[in-house]
Each structure stands twice: as C-alpha cells, then as structure tokens.
Amino acid sequence: MLHVTLVDPFIALENLVTPAAFRQTSHFSSWRPVAAARPVMSPSWWQWVASTDSLTARLITAGGEKQFRVRLLRQGVGWPREDEARALGIAPKRYAWLREVALCLDETPWVVARSVAPLTQLKGQRLEGLGERSLGSWLFRQPGLIRGPLEATTQSPLFARMNGIESDCTWGRRSVFYHGGKHGGLSLLVQEYFLRAMADDLDLPSR
C-alpha cells in the first residue's frame, strides 16, 4: 500500500503573452514549445534547456569538484495546478503525487524541480521511496521510456520561494515522461527551473 502525506494544493498564476509580445521580449511566463524560445535563448542556455539526457549527470559534470546533492523539499499527495493537469491530460481536481526538490552543488541550489503524476498510476512504481535520490536515477533506467516534447518558460517557481529558496530563474523547462506506453502506463510531468545561482557560478548569460 502506498503511504503518502497530504500536500496543501496551491496555484501558480500565469500571464498570457501574445506572439507579437514574445517576439519583442525574452520574458514569457506561460509555457511555450522550446523551439519557440530559441530565437531569444543564448547558445549556452540552449545546450541546457533543450538537452534530453540526464540533467543530474550534466550538473555533476558542470559542478566539477562541487558536491552534488538532492534536497527533498516536500513530497506527498495534492492537486496539480491547472496547467499541470492539462499537460497530463487529467482533471484539475484529481489527486496527484507531487514531489519538489532542489538540486544543489555545495549546498547551493542550482535547479529546483517539481514532478507530478496521477495518483492512480503510481502502483508498483515505488517513486515514493526515492527520498533524496534524483528522479533521473530512476527515470533513465526504465526500459521503453518515452519523453514528450520539451516546453520552456521564464516564470519563477512559486514552490521554491515557499521553501525559502531564491526563486529568480533564468529558464524553466518541462516535459511529460511516459513509462509503459502513453495509454495505461505512468505519465510523469517533470518541471525543472534553472536558478540565477547556477548562472552566476557557471558564468552563463542572463538568457
């Protein structure tokens, strides 16, 4: 039996941006296909945001001698945000498994991540036992794993601020992973936000 704790649901507000406004500014709050962000994204950030391999492995390599650590912020059951429910194709007020973590180098959060999966699809996956291991350490060992299209944003992650982490981010990205097929298997939405501290430590451009 899955043992979980209840997480209070919260909603992040999004500001809609017209295509014309998007062409004029690199800041956009709602999610867009990652290809739409490429004209306003530096090559340095494109290599991070558009990559489809393990982010954990990339962070460890980029950090060099810095110690990598996953800090578990909270994990349990709650309602997904409306945009998360749409991405997963479920009703907004359908209980989901939520996991929020900070990926740290020498205890400094470089990335914060929020993962969401329909609660009914978790049976047998054992994701609730990840603790402070990275989700990627589980994901990229799954046979037949399918990753959906990447989307990008510049919105700040509300959950980071709620956990006392500076939430100013350069880019955020998300995609849905499908394990066991798109119908009848596990659908897992993974959202990752690259924080300003990472940009400063790696001397990356603002966008």
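Biologist: Is Glu84 buried or exposed?
Modeller: Glu84 is buried, at a relative accessible area of 0%, where buried means under 20% relative accessible area, exposed over 50% and partly exposed in between, with a 1.4 Å probe and protein chains only. This is a predicted model, in which local features need pLDDT of at least 70 and side-chain atom pairs count only at pLDDT 80 or more, while totals for chains, interfaces and linings use all residues. Residues are numbered from 1 along each chain as its sequence is written, and side-chain values use heavy atoms, with hydrogens and water left out.

Biologist: Which side chain meets Glu84 in a salt bridge at 3.3 Å?
Modeller: That is Arg81, with 3.3 Å from N to O; a salt bridge here is a side-chain nitrogen of Lys or Arg within 4 Å of a carboxyl oxygen of Asp or Glu. Arg81 also counts as buried, at 4% relative accessibility.

Biologist: And what does Arg174 pair with?
Modeller: Arg174 forms a salt bridge with Asp83 at 2.9 Å, N to O, and this pair links distant parts of the chain, 91 residues apart, with Arg174 in strand E7 (residues 169–179) and Asp83 in helix H5 (residues 82–88). Helices (H or I, at least four residues) and strands (E, at least two) are DSSP runs, numbered from the N terminus. Arg174 also meets Glu151 in a salt bridge at 2.7 Å, N to O.

Biologist: Switching topic, how many salt bridges are there in the whole structure?
Modeller: The search finds 12, and a network of salt bridges links Arg74, Arg81, Asp83, Glu84, Glu100, Arg114, Glu151 and Arg174.
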